[in-house]
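These are notes for a colleague who has not seen this structure before. They are set out as numbered points, to be read beside the model.

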Amino acid sequence: MSILAKLSLKNRAVVGLITLIALAFGYIAVGSLKQELLPSVEVPSAAIVTSYPGASPEVVDEQVSQLLENAITGLENLETTTATSTTGLSVIRVSFAFGTTAEQAKERLTNAVNSVQSTLPSDVEPQIISGSFDSVPIIVLAVADLGGDNERIGEALAKNAPTIFSQVDGVRDVAVSGAVQKRVYLDLNQARMAQFGLTQREIAAALNANGLVLPVGSLNDDKGSIAIQVGSSVDTIAELEDLPLFGQNPQAGLVILDDVANIRFDDAPVTSISRTNGKESLSVAITKTQDGNTVAVSQGVEKLIPELEDALGGNVQILSTFDQAPFIQKSIKDLTTEGLLGLGFAVLIILVFLLSVKSTLVTAISIPTSVLLTFIGLQTADFSLNILTLGALTIAIGRVVDDSIVVIENINRHLSYGQSRKKAVLSAVKEVAGAITASTITSVAVFLPIALVDGLVGELFRPFAFTVAFALLASLLVSLTIVPVLAYWFLRMPKRLVEAKAQDPKNFEKKQRKIEEERELKSWLQRGYVPLIKGTTRHPWLTLTAALLILGYTFSLVPLLKTNFIDGAGSNQFIARLEMPASATFEEQESAAIDVEEQILALDGVDVVQTTVGSALDGRVAFGASAEGIRFTVIAKEDADTEAIRAQVLKLDVPADSQITVATGGGFGSSETIDVKVLATDADDLQQAVDEIATSMAEIENVSAVTTTLEADERVLEVVVNRSRAARYLLTETQVSGIVAAQLRPSALGTITIEGTEADVYIEGQEAPASIDEIKALQIPTFQGLVRLDSIATVTEVLKPTSITSERGNRTAVVSLTPEGDNLGAISVAVDAKLSEVDLPAGAEASVGGAAADQADSFAQLGLAMLAAIAIVYIVMVATFGSLIQPLILLISIPFAATGALGLLLITDTALGVPALIGMLMLIGIVVTNAIVLIDLVNQYRKQGKSVQDALITGARQRLRPILMTALCACDYLCPVPNGPWSNR
């Protein structure tokens, strides 16, 4: 590789010009890179969410979840399915094999759902939510009328927000929710309906058969061509009242809708409430395209907010309740600051060792040059600037300067031997070119196995690995081309040597080398090190024994380490959920939410609290977020302690039989709870197993909540129709069900446009029953008159589970533990221990999943990646040294790197997680790099005829300075990182 240095010196002007051009392109690349929170990873997950209002979990499971789950079973690359049926809602989460795109997953699910759509209840419409990170909103705005009249701005917001924000490049979708919907209500007179032989089917048919304007042709007359259309729209209540109905009683004559129903145009029932800092609000969720720049989109949206305020007529408050951009910008700013601090520390180390300002500047230039070249690589590979690629750059820069340090230190050494600058540059580079090339390729090879890691960790950290590789290869190129040219331009032989050489040129370099080596031996560094290296080589068995004891002690520390998966993103916001009994009414949930919201707002450091009661569907549902319930998005002030606020939220007063949990709101698409999945063939055995496991898990420390999918039963009123009695009145079971449903809950019959607003048409009862006795007394219209419901049916109150969960059709239940703190490993061990003590019923099985399974799988994958990295390193070193034995000697140094790593993790109370394991991979590269640089020089001395002892001592003392410099530069460069946005990771 030294040929690059020769070519560079011959074409110095060209190298300088190319360098300037490359730096310019790198600077341009920085501005054009997408800025995102995370890489645009398409997690092959999706969710099928189906709302079935009023249906019990059993009915939802039987009539919706089972049909949909059976339809998707057998899809290509399908890995897992989990169906959860709760009151009025079915959520089926689907996971495909990695490599399946979000579009492919959505297309396959859509086809499967369409194949069974006709067998589903007529009033349900499954909704498919993609699992791509790009389907998660990048910014959510809360819009409230300051006068409290959100209805005033609802229609204008729905009309103007998509139009205004779609102007921003990169916006894929603008979803407005929370506005009051309008409905047309038909209050049917059941007796007159029966008298005229009418049912709801005839009303639905009348709605579908009228109100359409259809083109039927054209006519040519003396004035030209004229289009012909037939029909008129039904767009007023009066026209709706005059709709003719055709029943089964031919004697009834002409019957219009007004004869059998009272019609009103009114607000739809409230099924979800959104509040921002105590005020009811509307929501605008904005998602970006896959190629969109998160920061640019967010900034574009912020600029257009005044335009939206004007379109809404003013007197409105618009707050951002979720925005990825500020954290991305803060990460970039913090990592830039850390990089500059680290660069300053590295420059200081180089200056202290080399005592040369010019040499220090030449070396320091390699860092920004390598980084800018890396940005060109990121742009070429279509990677974005996100917290992972930024973290990769920060970590890699600690290693980027190594090659240049080795080169410049050796050039200085050769200049001190009295060599001319060209000879010094070429001989110095030739001496170390093989070593730094091998060491850099080795470091790159260490990260190659990450590209082969399966699952979420592989998808997330693949750009991380490639970024490190780009940076290291750029540093190698800089050290072999730009650094030699700069050294040739700016470094000179010391003046004292120039004068001495002029006076006595004969054998000057040989004599000066000897003088310089003797002078170096007298330095404080060599006086401390040489006796040490001589002592260890004279007593090899004592040295090896001490090393093994230290290594053994190091690995004995492993059980004391905390372990974790991937911590939260370190942002200033989190999500709190209030879990209430299944029997809680919507009004009770709203009241409880207001009370908890007020408590959160009273906490010091809280800036914004976004409260949602009811359904909230976006891409986060596919990652495991709840599709319904009570949620609080808490945003802390910039200088507040978010973790302290989270701890306070967990201690808030909540209603009886309720509990509050907190989560970061994502966890990179992974579970944030430790889940114990329970399977049993019998429902009673399943309930018993879940109860016993939940009771046992409640004893575990550092767990804020233990919940189960079978935690409580809800009351269900079963109406069992006596078919023979109903038949006496010419009624079927289905007809009775329809009549009861019409009186208990509205049922959509169709859609019409009233006063310019599209509204569904619903049937409603005269007055919803308020007690079980009133249900029994419901009047059922028949040809023989009205009869009580309990005369043809049995009405019984029973207890049913609040939710039903199954995987691939097998009934399951889940016990979920919400861990506190950062020692997920210790909690997982405790869970395994408690689970082994539980005496499960015969036929029941339990296994640990969730965050614990994610951690175990990721650790296993990265463990294999480390083994593969060591194997690749060995292959590279065999190719470098042409020996099978020497690389094995180098590999022995790798385990000793764990001494410092594990020790500092314990001292700083840092959990061993995925980021720490990535750091371990980086450490393998650094350790082997230093070993290669040392052994390569030892081999060169052996070829010159020196003994093993002399070659080792001479090579070790000469490589001591560059090895110390590179190690200290890496440490000092990374010192600011623990105080930045990666501190929580």
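1. Ile 332 is buried, at a relative accessible area of 18%; buried stands for under 20%, exposed for over 50% and partly exposed for the range in between, with a 1.4 Å probe and protein chains only. The residue belongs to helix H11. Helices (H or I, at least four residues) and strands (E, at least two) are DSSP runs numbered from the N terminus. Beyond its neighbours within four places in sequence, Ile 332 is in contact with Gln 35, Leu 385 and Leu 390, where contact means heavy atoms within 4.5 Å. Gly 391 is 59 residues away from Ile 332 in sequence, and their C-alpha atoms are 9.6 Å apart.

2. The model is predicted: local features need pLDDT of at least 70 and side-chain atom pairs count only at pLDDT 80 or more, while totals for chains, interfaces and linings use all residues. Residues are numbered from 1 along each chain as its sequence is written, and side-chain values use heavy atoms, with hydrogens and water left out.

3. The chain has 985 residues, 49% of which count as buried, and contains 32 helices and 31 strands. Among contacts with a separation of 6 or more, 79% join residues 24 or more positions apart.

4. The largest nonpolar core has 101 residues; such a core is a set of buried Ala, Val, Leu, Ile, Met, Phe, Trp, Tyr and Cys residues joined through side-chain atoms within 4.5 Å. Phe 375, Ile 411, Phe 447 and Leu 921 are among the residues with the most contacts inside it. Helix H13 (residues 387-416) contributes the most to this core, 15 residues. Apart from neighbours within four places in sequence, the contacts of Leu 921 include Val 446, Phe 447, Ile 450 and Ala 865. A second, separate core of 25 residues includes Leu 198, Leu 245, Val 255 and Leu 749.

5. Ala 445 is part of helix H14 (residues 421-447). Is this residue buried or exposed? Ala 445 is buried, with a relative accessible area of 4%. Ala 445 and Val 876 are 431 residues apart in sequence, yet 8.4 Å apart from C-alpha to C-alpha.

6. The second largest pocket is lined by 26 residues, and those nearest its centre are Phe 353, Leu 354, Leu 355, Arg 519 and Arg 961. On a 1 Å grid over the protein atoms alone, a pocket is an open set of points where a 1.4 Å probe fits, with protein on both sides within 12 Å along at least five of seven lines; lining residues have an atom within 4 Å of a point. H13 supplies the largest share of this lining, four residues. Other elements that each give at least two residues include H11 (325-354) and helix H32 (948-974).

7. Two asparagines have positive phi values, about 65° for Asn 77 and near 50° for Asn 277. Asn 77 sits in the loop between helix H3 (57-72) and strand E2 (78-86) and is partly exposed, at 38% relative accessible area. Asn 277 is in the loop between strand E13 (273-276) and strand E14 (279-280); this residue is partly exposed, at 29%.
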